Each structure stands twice: as structure tokens, then as C-alpha cells.
Amino acid sequence: MKYSFLLTISLMAMVSLGFSQEKKAGPVLENYGEVWTVENPDFKTDTSAEFKLVFDIMESPESHTEINKKIETAARFLNMHAQSGVPVSQLKAALVLHGTAAKDIIHNEAYQARFGTVNPNYDLVKELLNAGVEVILCGQSSKSRNYPKEDLIPGSKIALSAMTALIQLQNQGYRLIKF
């Protein structure tokens, strides 16, 4: 009896400790990219290294009102490493969008005209651009899906192709993250 009581109390304490931790955003993007704190990881993060990533994003949610979590991964990348002590100056990220993800970087007016609602990714993409993230649209997707430069969120770029942008960024030392 005494043993089961102590076991129950111990389990309740462990469960409450596990649920007490919350994900948090910031310091790079305050409104996006919530991450968990990982205390004392066995595989240590080299906070003196430069982290250069290019995210290859070709898919988007079917819903026109749902944020593209694959884009938000860039916010998580920036926040988690900054929270873990990597200086923001050592964090470089780029997004290369193509396929159905092309729609996720058009401005609200163009999105509204096509889909009848504002772009749920607009504020996220603006914050990423403000944080220094390069946002690059495949020129082939731009043409085939009829998303001209003037429809893009200001600051976004168009490349000849996603393949071209991915090769050039990898030649500059960016590591490919495929979504």
C-alpha cells in the first residue's frame, strides 16, 4: 500500500513536470517558430559554427486558410538555434519555393483575388524576410502558375528555376533541407 502510494505520487510529479514546459517563439521571430527547450542534449550544438540552410519547399496545404508549416520550419530553425546560444549573425537561411507552395508567397491582394481570403502565410513570410531570410520563387513555377513578380510579397525574389537556386545556394555552402 505504502509502495503504490509513493509510486503514484512520483508518477504524478514526473507527469506534471513533463507538461509544465511550454514551447516558445523568439528571439528572432516573436510570432512564429515555437520550439521546445532541450536541456543538456548529449549531442552538443556547436555555438561557434555558422549554420547555412536552404529549405526546398514544393508543397502547400490544400486549405487556402492554413499556414504552410514547412515555411514555419525556417522560423523554428532560427529561434531554436538563437535560444540555444548560436549568435543570430551565424544563422543564414533561404527558402526556395516551387510547385503548389508558390501561392504561399503572393501578397494579400493577389491571394484574395485568387482564393477569396488573405494569405495566411503573409505575416510569417514578412517576418522571415525582415530577419534576413532569402525567399526565392522558382521562375518556372512563377510562369506555369501565373504568379508574376508584382504578385509576390515584397522582398521575395524569382530565380530561373528552383533547381538553379538550390544549386547556387549549395555552392555557397548552404545545406539542403528538403520538404
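I count a salt bridge where a side-chain nitrogen of Lys or Arg lies within 4 Å of a carboxyl oxygen of Asp or Glu.

I am working from a predicted model, in which local features need pLDDT of at least 70 and side-chain atom pairs count only at pLDDT 80 or more, while totals for chains, interfaces and linings use all residues. I number residues from 1 along each chain as its sequence is written, and the side-chain values use heavy atoms, with hydrogens and water left out.

**Entry 1, salt bridges.** I looked up the salt bridges and found that the structure holds five. One of them joins Glu59 to Lys70, whose closest N and O atoms are 2.9 Å apart. I note that Glu59 sits in the loop between β1 (51-57) and α2 (69-83) whereas Lys70 belongs to helix α2, so this pair ties together parts that are 11 residues apart in sequence. For these labels, helices (H or I, at least four residues) and strands (E, at least two) are DSSP runs, numbered from the N terminus.

I then checked how accessible the two partners are, taking buried as under 20% relative accessible area, exposed as over 50% and partly exposed as in between, with a 1.4 Å probe and protein chains only. Glu59 is partly exposed at 41%, and Lys70 also counts as partly exposed, at 25%.

I found Lys69 and Glu72 joined by a salt bridge, with 3.2 Å from N to O. The two are three residues apart in helix α2, which separates them by about one helical turn. Glu72 is buried, its relative accessible area being 11%.

Lys103 is buried at 6% relative accessibility, and Asp104 is buried at 0%.

The peptide bond from Gly26 to Pro27 is cis, with omega near 5°, and I place Pro27 in the loop between α1 (2-20) and β1.

Asn40, which is not a glycine, has a positive phi of about 50°; I find Asn40 in the loop between α1 and β1, where this residue is exposed with a relative accessible area of 65%. Asn146 is likewise not a glycine and has a positive phi, of about 60°, and I locate Asn146 in the loop between α5 (139-144) and β4 (157-159).
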